[in-house]
Amino acid sequence: MQATDLTGTYTYRSFLDRPEPVDDFNKLRFAQLELRLTATPTGSLSGLLVFSADGDPLAMDMVGQSSDDVPLTFTLTGRGKPGTSIADFHYEYDGVVLRRWETGIGQRTALAGTVLRAEDHGTGSGLARAGQTASFLAVKRTP
């Protein structure tokens with residue numbers, strides 16, 4: 001796989017790292033969003049993590065770098081767009097492209113990794129403290 005193969009639109013899901021079994025899968029839900037990535041041949045990554053696609057998207061700007069490793073790894077930094085309700089969002093991502101099975105049927109490119117809330121955001125009872133981590137999985141919408 002080459003860095004440019006990361007270009008595309010993904011369904012992004014992140015999950016709280018709770019070790020105990022849960023009776024409702026939604027208790028693990030951290031976020032479900034749309035990830036749009038563009039990759040250059042040198043491995044530079046840019047794009048959006050879209051919270052709402054209505055009109056002008058509510059999104060974080062994403063920038064990062066992929067490696068030449070096998071499997072392909074990447075890092076991303078996400079920051080809320082200035083002038084929006086998520087302008088103070090700052091998250092860091094560390095991920096890997098999951099293996100494609102030679103005999104797999106209908107398999108899509110999938111990214112997996114961890115996400116870190118790098119800075120506090122919000123205020124009062126809505127304050128989200130820095131340091132929260134979660135696992136993520138992003139599945140490419142087109143093969």
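Which residues do ring pairs link into a cluster? Y12, F74, Y93 and F136 are the residues joined in this way. The model is predicted. The sections below start with the overall fold and then return to the rings.

## The barrel

Eight strands form a closed barrel. Their order is β1-β2-β3-β4-β5-β6-β7-β8, and the pairing is antiparallel. From one strand to the next, the twist averages 30°.

Some of the pairings can be followed in detail. Strand β3 covers residues 44–52, and strand β4 covers residues 58–66. Eight bridges hold these two together in the antiparallel sense. Across the pair, L49 faces M60 of β4. Further along, β6 and β7 are antiparallel too, with seven bridges. There E92 stands opposite L116 in β7. β7 also runs antiparallel to β8, again joined by seven bridges. In this pairing T114 is set opposite S135 in β8. β7 is mostly covered, with six of its eight residues buried.

## The nonpolar core

The largest nonpolar core contains 25 residues. The residues with the most contacts inside this core are L6, Y12, L35, L49, M60, Y93 and L111. Each of the strands β1, β2, β3, β4, β5, β6, β7 and β8 supplies at least two core residues. β2, residues 29–39, gives the largest share, five residues. In general, nonpolar side chains in soluble globular proteins tend to be buried together.

Leaving aside neighbours within four places in sequence, L6 is in contact with L37, A39, L45, S66, L72, V97, L111 and K140. L111 is itself on the list of core residues with the most contacts.

## Rings and a charge

Seven aromatic pairs turn up in a search of the whole structure. One of them joins Y12 and Y93. Their ring centres are 6.2 Å apart and their planes meet at 80°, so this pair is edge-to-face. The pair links distant parts of the chain: Y12 belongs to strand β1, Y93 to strand β6 (residues 90–97), and 81 residues separate them. Y12 and Y93 are both buried. Both also belong to the ring cluster with F74 and F136.

F89 and Y91 make another edge-to-face pair. Here the distance is 6.0 Å centre to centre, with 65° between the planes. F89 and Y91 are buried. A ring also meets a charge in this model: the charged end of R99 sits over the ring of W101, 3.8 Å from its centre.

## Two glycines

G78 lies in strand β5, residues 73–80. Is G78 buried or exposed? G78 has a relative accessible area of 0%, so it counts as buried. Beyond its neighbours within four places in sequence, G78 is in contact with M60, D61, M62, F89, H90, Y91 and Y93. That list includes F89 and Y91, the two partners of an edge-to-face pair. The C-alpha atom of G78 is 6.3 Å from that of E92, which is 14 residues away along the chain.

G64 is in strand β4. With a relative accessible area of 23%, G64 is partly exposed, whereas G78 is buried. Not counting residues up to four places away in sequence, G64 touches G43, S44, L45, T75 and L76.

## A buried serine

S14 is part of strand β1, residues 8–16. What is the relative accessibility of S14? The value is 1%, under the 20% cut-off for buried residues, so S14 counts as buried. Apart from neighbours within four places in sequence, S14 is in contact with L28, R29, F30, A31, V115, A134, S135 and F136. S135 is the residue opposite T114, and F136 is a member of the ring cluster.

Technical notes
Residues numbered from 1 in each chain as written. Predicted model: local features only at pLDDT ≥ 70, side-chain atom pairs only at ≥ 80, totals over all residues. Heavy atoms only, no water. Pairing = 2+ DSSP bridges. Helix = DSSP H or I, 4+ residues; strand = E, 2+ residues; numbered from the N terminus. Axes fitted to C-alpha atoms, helices over the stretch in contact; angles between N-to-C directions. Buried < 20%, exposed > 50% of the residue type's maximum accessible area, 1.4 Å probe, protein only. Contact = heavy atoms within 4.5 Å. Phe/Tyr/Trp six-rings, centres within 6.5 Å; stacked < 30°, edge-to-face > 60°. Lys NZ or Arg CZ within 6 Å of the ring centre and 35° of its normal. Core = buried A, V, L, I, M, F, W, Y, C linked by side-chain atoms within 4.5 Å.
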